[in-house]
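Dear colleague,

Please find the structure below, together with its sequence.

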Amino acid sequence: MSENYSIPAPKKHPLSLQIDPALFEKATDEEKKQTDVMAESTTFFKDGMRRLRKNPLAVFSFWVLVVLIMIMLFAPMVVPYSYEEIITVEGVRDKGAANLAPFQYSAKEQAYMDKYGVRIFPHIMGTDELCRDYFIRVVYGTRVSFLVGIFASLMVLVIGTIYGAISGYFGGKVDLIMMRIVDIIYSLPDLLVIILLSVVFKETMDFSSVPVVGKLGTNMVSMFIVFGLLYWVGMARMVRGEIMGIKQNEYVLAAKSMGASGSRIIRRHILPNCLSVIIIMTAQEIPAAIFTESYLSFIGLGVALPMPSLGSLANAARSGMQSYPWKLVFPAASIVLIVLAFNLIGDAMRDAFDPKLKN
Amino acid sequence: MSEPETKKSEYLVEVKDLKEWFPVKTGWFHTTPLKAVDGVSFNIKAGETLGLVGESGCGKTTVGRTLLRLYEPTGGEFYFNGELVTEKNIHPLRKQMQMVFQDPYSSLNPRMTVEDIIGEPLDIHHLYSSRQERHDKIMHLMELVGLNAEHATRYAHEFSGGQRQRIGIARALAVDPKFIVCDEPVSALDVSIQAQVINMFEELQEKLGVAYLFIAHDLLVVRHISKRVAVMYLGRIVEIADTDDLYDHPIHPYTLSLLSAVPIPDPKTARASKRIILEGDVPSPLHMPSGCPFRTRCRYATEQCAKEAPALKDRGGNHFVACWNK
């Protein structure tokens, strides 16, 4: 290329309207260097995160979730009550502590504080009809919701991605059979399956000795199983569709021509390219699972008592709604906050990571 | 390339009567074979280039992909270095056969760095013993195709079309192949970049002694790079000859019309020259005409053409033509 510069500039015709080529001068080496500078190398993930951080709603939702998770993790260490503990004053059960308003003390507690000049830890959200601290119950309810949401979406992620990837990659008859199975599962009514499974489990199995699961109860086990059995189909369909498209790209063909194995092609070429869809689907699966858990608990199919869940708390508060409205407001507000925050983040992730929406 | 020539064949690549039919559903229970490639034979010597030209949809790309077993051939034989290529021995042979793709935008994985793209064939065939050796090999390849070392950690979307095609070529060269199928490697590039890439192909051939099957529809590019040229029409080779012989003395009526369609840069010569314009469209490969596939558009067609397909016959000087009348 360099020899081009030695060619003398052509003479300008006197009548020509063109700019006189003689007016041009050669770029110096320093000036040429300026065009060499390329933009900072960005990966797909970095680029997506940058766009995600620019979205104020996503950032706000993120911090809301961080605060909620902090409360969820640390409140049980700070608050001296447990979720199943009936309030006692000096070792005696305090019957007057039922249905207190937020930050209200019962007569006995007031007398105790006056007598010793100490402060009892306040009931931030009041108490329930069985004299239990309501705040700590809501916190535990939130824990249950998060646990369900994250476990369910992880299960959906793993099963759905593997199933969809296999079906989409191999195509043909394999795909046909696998997708008909998905169709069948899609048509099963999930609520019915949960009810049936929890009845069966209640009769046949005892989970009470298993550490976490025992506290949550058989209903939760059947719910997890139902998530594992039924909810991955949406993810599988999505991943399969995406892979069908990616498979057509020449880089997959190139890998095949180099002799790459099927699993290598899926791992190195196909899955990384549908990562955005997988992330987005997972983020949107969490609020859906939390919502399912809440409404199942609301209709009495959720966690076993005395473990609270946001849905069962809301259900219990229904009867005293006119006298003690805050008992409905607090669990309902946390469901709304969690689901809304997850949904907003999920939407923002879709906008940030979906290359088709890039402008 | 100091391996002893143990095999008797003088050709690196020998293709005999290659067929690739795709089943197409034409009804509830009927499938009709789409004869994308229907009996193609050619040979390529080591370090030589065979150009393969023809209009869109004539099966050029399918020939290349079938050779590399991206499609399972319906029939025919392919000998590589005297060895019959089958499904069983293809994996080690992939080290010696590579492919450069048409579209430099979709043939590179957007989630991989240049280093990983070029290193992938090395990974697959375990051609290095340490990370350092892998890195050194990749750097050498990048230098060979004219890429800067600092490009190694970048992603494909950060490059221009010509640079991307260089990455694709470096990837093909990574395993030190003897034969590369170039599937329209320059047709997606800008004209000025085309020249650079074509020249690079020639330089690499001189340096490394690779043989190319150069698939293109740009006749001038093919003339520039090829030693021999094959013209395809509807899945068959209609004429194959040494490059200058074919361009200066074309015999088959299809080749004649194809060559007359080459744009001529000088308008005066262009006006003076007579173009042979073919009538009608290419017949659907699902409903191939009987006999010679070109007869529906051929001005010399006779009854014999409809009855029987002409075979490739030597017209002297290694010039093969499949036509009854010319």
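**The interface between chains A and B**

Between chain B and chain A, the count is 3 salt bridges (a side-chain nitrogen of Lys or Arg within 4 Å of a carboxyl oxygen of Asp or Glu). In one of them, B:R65 pairs with A:E250, with 3.5 Å between the closest N and O atoms. Contact (heavy atoms within 4.5 Å) involves 31 residues of chain B and 24 residues of chain A. The two chains bury about 2400 Å² between them, 53% of it on carbon and sulfur atoms; this is the accessible area (1.4 Å probe) lost on putting the two parts together, summed over both.

**Basis of the values**

This is a predicted model, in which local features need pLDDT of at least 70 and side-chain atom pairs pLDDT 80 or more, while totals for chains, interfaces and linings use all residues. Residues are numbered from 1 along each chain as its sequence is written, chains are lettered from A and ligands numbered from 1 in the order in which they are written, and side-chain values use heavy atoms, without hydrogens and water.

**Chain A**

An automatic or database domain assignment divides chain A into domain 1 (2-32) and domain 2 (134-357). Their centres, taken over C-alpha atoms, are 66 Å apart.

A:I299 lies in the loop between helix 12 and helix 13 (310-318) of chain A. With a relative accessible area of 47%, A:I299 is partly exposed (between 20% and 50%, 1.4 Å probe, protein chains only).

Yours sincerely

Methods
Helices (H or I, at least four residues) and strands (E, at least two) are DSSP runs, numbered from the N terminus.
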